[in-house]
Amino acid sequence: MTAATSLRDPAEAHDLLVIGGGINGTGIARDAAGRGLRVLLCERGDLAEFTSSSSTKLIHGGLRYLEYYEFRLVREALAERERLLRLAPHIIWPLRFVLPHDEGLRPAWMLRIGLFLYDHLARLRTLPGSESVRLRTSPVGAPLQERLTRGFVYSDCWVEDSRLVVLNAMDARARGAEIRTRTAVEAARRTDGLWSASLRDMASGRTESVRARAVVNAAGPWVSETLGGTLGVNSRAAVRLIKGSHIVVRKLYEGDQAYILQQPDKRIVFAIPYERDFTLIGTTDVPYEDDPGPVRISPEETQYLCDCINRSFAKRIGPDDVVWSYSGVRPLYDDAAANASAVTRDYVLDLDDAGGALPALSVFGGKITTYRRLAEHAIEKLAPYFPDLAPAWTGEAPLPGGAMPGADFDAYLAALRRDAPFLPEETARRLARAYGTETRAILDGARNLADLGESFDGGLSAAEVDYLVAREWARSADDILWRRSKLGLRTGPESAARLAAYLTRKAEAA
């Protein structure tokens, strides 16, 4: 079976209906479409609108998970870190993390052992290993309080989380999947040998029915609600909702390094260089029982994160220094852990086929780093129902924009600068980071900035907006300013209003 099998009569049943346009849903849709399945993915809002755009934006093994003996998860995550860095070098890049040793918290010997394991659990390692550092003589210690004299440095990676979701959806579509945003799956039931699902277009209110041979429930925080309500399936698997919040402040320190800070409550908090002029701080771990989205940071969480910084950094911050914050609800598998921070970040795939051949696969838990392996495992679970599946393939296939020779981002950026010398340096870098080799589709023969059309704040052009609408399912100003980019940090009210008006005109003309 090949991707060509997706070119069938539209009235024919889909092989797979995927509910949810976050990282797990788009990852599964991409994998399945590339193996020859006819895939329909429905997301009731925008891609990555909730949890998948609210992470700490790291591709990492999860150093602290070693304390909970999650060795398999850490090993798998470290392997994926290396793989994803190669497959998406534009949106993923290495970071060095500084871990200060704080007297009275985890002892130095424990940190050293943990980092040794972290360095050696992965079979392949291209990033630099860990090392000790004297904070009072090293530049990385300059932002920290003088009482912190020793520490460690190790490697992990940054990721543009919401763009990772969009790129998976784009590649799924290129391989034959149908991706529908602003489309809710209101109900689905096993009927006459197929799943029959009722869809609603959230903009027009129009409804339609589709049929599928299997359903994947990747609804994130709504996974239990979707399983029991939308699909009418009973399951013993349960989700535990944990709210994680982050704050963004003006740049706290010079340098490209990030910091991982131990806290008296045994948690860790990151301080990470963000969007050139800012520092990202997070995350909290708060049990959550209300509607999963949208959610906002509480005053208590804001103060907690400020206090975490003030315990270690020389420069103090308070709630008034916060320029932006975001929160998301993580749908973790409920393993009955007493402490929210101790709940496993591993994933569970729950399969129900009612004793027949119409499976419903629900995704509980998971982390953004291991989404690709989760997708492979999901398709493996469904393989008995689709005997002609092509073999696994995503481990060697670059994501859109990532096919750079040698995965060398700097070389690609240099070539882009030569080919489009009219672009301001920062705009060229931003475009290359966001779109990689797809940047040329935005420029499309432009010879000067005027050729890119109307300009908005932050170097955003009408040509880029048109690309996002045509290729990346963007419909609103928020889609563009906060999920396809973070230009919202640099966009004033007047420019945001002009962007919204431009999008309205485009939609009316379509």
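**Strands and a loop**

Biologist: Which residue in β10 does Leu199 stand opposite?
Modeller: Leu199 stands opposite Glu208 in β10. Strands here are DSSP runs of E, at least two residues, numbered from the N terminus.

Biologist: What kind of model is it, and how are residues numbered?
Modeller: It is a predicted model: local features need pLDDT of at least 70, side-chain atom pairs count only at pLDDT 80 or more, and totals for chains, interfaces and linings use all residues. Residues are numbered from 1 along each chain as its sequence is written, and side-chain values use heavy atoms, with hydrogens and water left out.

Biologist: Back to β9 and β10. In which sense do they pair?
Modeller: Antiparallel, over six bridges. Pairing takes at least two bridges found by DSSP. β10 covers residues 207-217.

Biologist: What about the turn there?
Modeller: Five residues separate the two strands of that hairpin. Gly205 in the turn has a positive phi of about 85°.

Biologist: How many residues sit between β8 and β9?
Modeller: Two, in a hairpin. Asp192 in that turn has a positive phi of about 55°.

Biologist: New topic. Where does Asp46 lie?
Modeller: In the loop between β2 (39-42) and β3 (58-59).

Biologist: Buried or exposed?
Modeller: Asp46 is buried, at 0% relative accessible area. Buried means under 20%, with a 1.4 Å probe and protein chains only.

Biologist: Which residues does Asp46 touch?
Modeller: Arg182, Trp473, Asp479, Arg483 and Arg484, not counting residues up to four places away in sequence. Contact means heavy atoms within 4.5 Å.

Key
Helices (H or I, at least four residues) and strands (E, at least two) are DSSP runs, numbered from the N terminus. Buried means under 20% relative accessible area, exposed over 50%, partly exposed in between (1.4 Å probe, protein chains only).
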